[in-house]
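Thanks for coming, everyone. Please look at the sequence and the structure on the screen while I talk.

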Amino acid sequence: MTIRAVTSFIMHVPVTGSQIADSTHAITHWGVVGARAELQDGTVGFGFTGTHAHLPGDRLIAAAIDQCYAPLLEGAAFGHPRAHYRALFHNPPLQWVGRAGVLQLALCAVDVALWDAYAKRLDQPLWAVIGGPARPSVPAYNTDIGWLSFPQDQLVDNVKRAMDDGFTAVKIKVGAEHLGTDLARCEALRAAVGDSITVATDANGKWDLPTAQRFARETEPLALFWIEEPLWYDDVESHHELAATSSLPIALGEQIYNPESLTQFIRRGALHFVQPDVTRIGGVTGFLDAAACAQGAGLPVAAHAGDMSQVHLHMACALPHHTMLEYIPWIAHCFQEPATVLDGRFIRPEAPGASTTPTTEAWETYRVT
Ligand SMILES: [Mg+2]
């Protein structure tokens, strides 16, 4: 069985509403930049990374798939995705320019496509292939209600509506221009919805250490669940210092490009919730390695949803130490088996593969070149 063809694709899918923002970005579309891997027997696997739909950047990722990785795969025997990943990652000229950034995002898409094809050939959902038995459902937390661009009243109303829909956990963005704004929003939300709902927060790397320490100190009575990316993404020592001086748990991992870098945070006691993302950390292969490191350290995994949880739902169902999973519904309608939440819980997917196969309609509507 050989790999017949590997080709790139780009889809730009509108976000809910016209525009959303966190502390560092405002976007109107989500970029689904991926690889389509076709095998000799006709099996087709899809994988993708997630972007802010910046077309010049997306074209670089697509070019890396078509020009760097496809020639190494086409005509080769189709083997275990982990073996392909190792060969592609350690290819000397690509390793020289890769390991992070554009090339790594491209490799993540390729890796997921190969896992999707691998699972389809076994006629099993990905969670079974990576070692379920799996839970029938996973608790979801809703991020789409809590963007920084929502005024405070709308934020509170959104959370109440999410609770009515069955969510028992939400995440709200922080990192406004003034810390007082963040504190007021957190206090107003807790006052309005009471203690029964889990509230996580996310600063998207915006703060310095003193600001993060002050946020943690002042929100202590609110019993927040975690602060995500309080500080610059790669700063292990400052996260270690924050963890040592505050009681607010730290979550991070979405901006980390390999399991080894994430392990630096784990070894320094610089985080409490481990958030690898298949779209950045090395596809399914890198995610499983990162999750194993977390398990060895006794830490829960809470995948970041750069894939809007299409693939991560399989991870969360299969891994016993995966806690709640992020819900952002922007691209679910684009896939033959959309990630689905009922009464605040993601439902386990059952179709063979990684839930990454686009619908014909999405393929025709959202593709850009
Ligand atoms: Mg985040």
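**Inside the fold**

Leaving out residues up to four places away in sequence, Phe 287 touches Pro 276, Asp 277, Val 278, Ile 281, Gly 282, Val 301, Ala 303, His 312, Met 315 and Leu 319. A contact here means heavy atoms within 4.5 Å.

Some ground rules. This is a predicted model, where local features need pLDDT of at least 70, side-chain atom pairs count only at pLDDT 80 or more, and totals for chains, interfaces and linings use all residues. Residues are numbered from 1 along each chain as its sequence is written, and side-chain values use heavy atoms, with hydrogens and water left out.

Now the core around that residue. The largest nonpolar core has 71 residues. Phe 287 is among those with the most contacts inside it, alongside Phe 215, Leu 271, Val 284, Met 315 and Phe 346. Helix H12, residues 283-296, gives this core its largest share, six residues. There is also a second, separate core of 28 residues, including Ile 3, Leu 88, Leu 107 and Ala 113.

Two terms there. A nonpolar core is a set of buried Ala, Val, Leu, Ile, Met, Phe, Trp, Tyr and Cys residues joined through side-chain atoms within 4.5 Å. Buried means under 20% relative accessible area, exposed over 50%, and partly exposed in between, with a 1.4 Å probe and protein chains only.

Asp 202 sits in strand S8 (residues 198-202) and Glu 228 in strand S9 (residues 227-228), 26 residues apart. Helices (H or I, at least four residues) and strands (E, at least two) are DSSP runs, numbered from the N terminus. Asp 202 is buried, at 0% relative accessible area. Glu 228 is buried too, at 0%.

Last, the rings. The structure holds 17 aromatic pairs. Rings of Phe, Tyr and Trp (its six-membered ring) pair if their centres lie within 6.5 Å; planes under 30 degrees apart are stacked, over 60 edge-to-face, the rest tilted. Phe 167 and Tyr 327 make a tilted pair, 5.1 Å centre to centre and 40° between the planes. Both residues, Phe 167 and Tyr 327, are buried.
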